[in-house]
Amino acid sequence: MEQNKKINHLMTYKHGLNVNKHRRTTLLVNYYKGLADELEKEIKTSYEQSKKLIEELYLENIKIYQMQLDGFTINDRTREVKIQKYDQKQYWARRKFKTSTRRKVDENALDAALNLYDESQKVKRDDFIKSLEDKYPHKNLTENESKIVHQKIEGYDKKKNDQLSKKTQKYEMRLKKLESFKLKNQKRILEKELLNQKLSQEIDLYNQQVLIDDQALLVNFETKLETLTKQNGSKKQIEKIQKKIDRIHTILHTIEHPDVHLSIHNLKMYFGGIKAVNDLSFDVKKGEIFGLIGPNGAGKTTVFNCITQFYKATGGDAIFRNKEENIVDLYERKTHDIINEGIARSFQNVELIWELTVLDNLLVAAHSLLITNYAEHMIHSKRMQREEAVLRTKGMQILVDLGIAEYAFRSPYGLPYGILKKIELARTLMTNPTLIILDEPAAGLNDAETADLAKVIQSINQKFGITIFLVEHDMGLVMSICDTVCAISFGKKIGIGTPKEIQQNPEVRAAYLGDDSDE
Amino acid sequence: MKLYFREKVKPFMKKPHFGFLVVGLLLVVLRLLVNVLPPDIYGAIVTTAYYYLAGLGFALLLGYGGLASLGTGAFVGIGAFSLHFVFRYLAMPLTVAILAGIILAILVSIAFGFVSLRISGMYLAIVTMGLSQIVIEVIRNIPQYASGTTGGFLSGPMARPLEFLGMRLNSNSAVLFTAVFVVAGMMIVHNLIHSSTGRALLSIKNSDTAAQTMGINLLKYRLFAFVISGVYGTMAGILSMLFVRNGNVSQIGITFALNILAAVVIGGTKSVWGIMLGTFVIFGLDLAVFQRFGLGNYSLIINGVLIILVVMFYPGGLIQLFGDLKRFINKQILKVKEHIYGTE
């Protein structure tokens, strides 16, 4: 028996490793698939860039000589520069003159004084130009000189062609290398895919084995329970076995109904003597918008925290159908592993990082998609840069989808609450979840913002096919978008059904409006 | 040549890494100018350089991880004393001594990380203070250090020169060592800050519940931040030992940890350059400036007033001062211009 347990432990451990490896390999395969294309693009753009750079440099170099050939000789050039300098000097002098005279005389006198000043300056300028023309007269190029100029241009031509041919050679070399790299890459992808297939087979096998084991255990436990009740066994033992039986029943129930996404069964959460949630059970179906409502302090957020493992529940089961369509017991997962299974959540009070831009905030959420590690982050390896670029594009795409792309590069600090809520939504979308848990998405929003948010939630639900599970106080929002509503009060379920059914449920009305026994 | 410059060098010059390289080069130039510069300024700059490393590591903990640890002194002590012990008393080569110090630091910082896993804020400061006290007490109880000081490498019966890869290191050559580590340290911290790791640390600082839902493993990142800061502190200790050639246990206690904390807070917890400034204010200003003007007796008071002023008017750190100064000067220039030339 002990040995069996140990083997089971080992098997579970190996299964966990397999699942992690499977996810990582999937990410890697995707990375490799994009890699070849990206490299090709990179090589091409760098070639184009260097070509452009060479052209620019060439034009810069031959500019003077070209001008000389066009009849604009060195003397002309010097003259031009000197006149420019003179004009600049005169501009500032005039401005100075204007300011100083404005301080002394009134408006009309100022105009007159300026006119006088301008005229005198014009004469001076003409004189200056004349003297320059005497000093640097226009001379056409002699034959010898033009020959030298031509030679120089030819030299630059040759240099440019040399550089270009070198670059082209390098480019071709790189393309050739790319071809071999592509072959290698293809091989690598195939290898990884094979590995992935093997891993998923192993995972399937394990799951089947667990299912068979569970069914055997169920029979085993049931007989045990019967004998125990007959023999009046201790209460604790009976409870223990009952718990195990319940767990297996919930798992079997989830497997039997393929449309169930999350199955909560007899969830209990006690804080000391206070029963925050007591025997709550419901199923969230795939692709629906599920609303959890209840008066203040009914334990709605506690349910969320139990699902995402912030609280370790006192009892009950939470069985989830994960990203890979496998059945997972959420109680066996750690808080930071929940997102890997495909559950993302938002918070009641917006939990964004104010020091980062909106887009960087989304990148934080993509943490579980990383394939790079610390060492690569330390040296900013190429792989990390590429990964970051990909994630940034993805984040930007999500922001565009939600219509908040204009805020991407600013800090979320000081943005209106409606936008912040949308950023939180965008953040939950970063990891391609299958289930999003929203904790009071409409809290603190006005009516227009709430209507807008409802639209966004619906579009997420339909466009990406993501199941949405929300807690909300705003009855208008819940009744308008939810497919199924579950009402709880003091930790107990008082009704579940379509919004209409809930609206007509007398118990729900009593919980919300107080117990009116008169009517 | 020109093409190469435009293609490769110019884009690199725009990167922040170029600035870090310049810092390294300046340190190398400093080494060459050792006979020209007054020794107090030289000493102040070198001291700033190696304690800057400790500050950088600590900034990753405080500014990004939000973990206010007071254990930096312990790591500097581990660096200095383990280097000395392994080199002098175990008679190992210098490289081995340095590596031993770093490995020891990693182990101790992992212990720090584990102990402080579930606590934060004030309590973390107290716990790390206690841990660092334990480390210092352990150092003090090694018989060779019973007097509280290391005697240096070159004195005593077993004196032998410091050699690294066949190169003989005198006290001033250690500056080259410092240059290499400072550049590497700056680059690594800058890269980490601008990567997923830095963002993950920030998100933990912001809210650890939100960080966990995003798949960030608290334990992993806390340990990582502690290890990095521990290794940086140890490097600071090792470099200080190579330069000063002796150490004192009383130097690495709580005062040192508080000094580093002050340096990081004054400079600006999130800026690589700000920390450099802050470290200079704390460790170098006294030697380089106050004592020159005969204010050595008042240096503690002046430093205190300076810290108060900075915290009051520049809560983001001294690094803000530069931006403000630049803006102020530009404004003044514009004003003068307007006075002389008038508006358009």
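## Helices H5 and H6 of chain B

In chain B, helix H5 (residues 94–115) packs against helix H6 (residues 122–140) at an angle of about 150 degrees, and their axes are 10 Å apart. Helices here are DSSP runs of H or I with at least four residues, strands are runs of E with at least two, and both are numbered from the N terminus. Axes are lines fitted to C-alpha atoms, for helices over the stretch in contact, and angles between N-to-C directions run from 0 to 180 degrees. H5(B) and H6(B) are therefore roughly antiparallel (angles under 35 degrees count as roughly parallel, over 145 as roughly antiparallel, 65 to 115 as roughly perpendicular and the rest as oblique).

On the H5(B) side the contact consists of Val108(B), Phe112(B) and Val115(B), which meet Val127(B), Thr128(B), Leu131(B) and Val135(B) in H6(B). Contact means that C-beta atoms, placed from the backbone, lie within 7 Å. By class there are six nonpolar residues, one polar and no charged ones. Ala, Val, Leu, Ile, Met, Phe, Trp, Tyr, Cys and Pro count as nonpolar, Asp, Glu, Lys and Arg as charged, and the others, Gly among them, as polar.

## Model and chain B overall

The model is predicted: local features need pLDDT of at least 70 and side-chain atom pairs count only at pLDDT 80 or more, while totals for chains, interfaces and linings use all residues. Residues are numbered from 1 along each chain as its sequence is written, and chains are lettered from A and ligands numbered from 1 in the order in which they are written.

Chain B has 14 helices and two strands. Its radius of gyration is 22 Å, close to the 20 Å of the globule rule for 344 residues, so chain B is as compact as a globular protein of that length. The radius is taken over C-alpha atoms, and the rule is 2.2 Å times the number of residues to the power 0.38. The C-alpha trace of chain B spans about 80 × 60 × 55 Å along its principal axes. Of the 344 residues of chain B, 44% count as buried (20 or more other C-beta atoms within 10 Å of the residue's own; exposed is 12 or fewer, partly exposed in between, with C-beta atoms placed from the backbone).

## Contact between the chains

Chain B contributes 28 residues to the contact and chain A 36. The largest share of the chain B side, seven residues, comes from H8(B). The residues on that side divide into 11 nonpolar, 13 polar and four charged.

Helix H8 (residues 358–365) of chain A and H8(B) have axes that come within 9 Å and cross at roughly 90 degrees. That makes H8(A) roughly perpendicular to H8(B). Asp360(A), Leu363(A) and Val364(A) make this contact with Ser196(B), Arg199(B), Ala200(B) and Ser203(B).

## Two loop residues of chain A

Thr335(A) lies in the loop between strand S5 (327–329) and helix H7 (338–341) of chain A. Thr335(A) is buried, with 21 other C-beta atoms within 10 Å. Not counting residues up to four places away in sequence, Thr335(A) touches Thr308(A), Gln309(A), Phe310(A) and Gln212(B).

Tyr413(A) is in the loop between helix H10 (382–402) and helix H11 (417–429) of chain A. Tyr413(A) is exposed, with 9 other C-beta atoms within 10 Å.

Notes: Contact = placed C-beta atoms within 7 Å.
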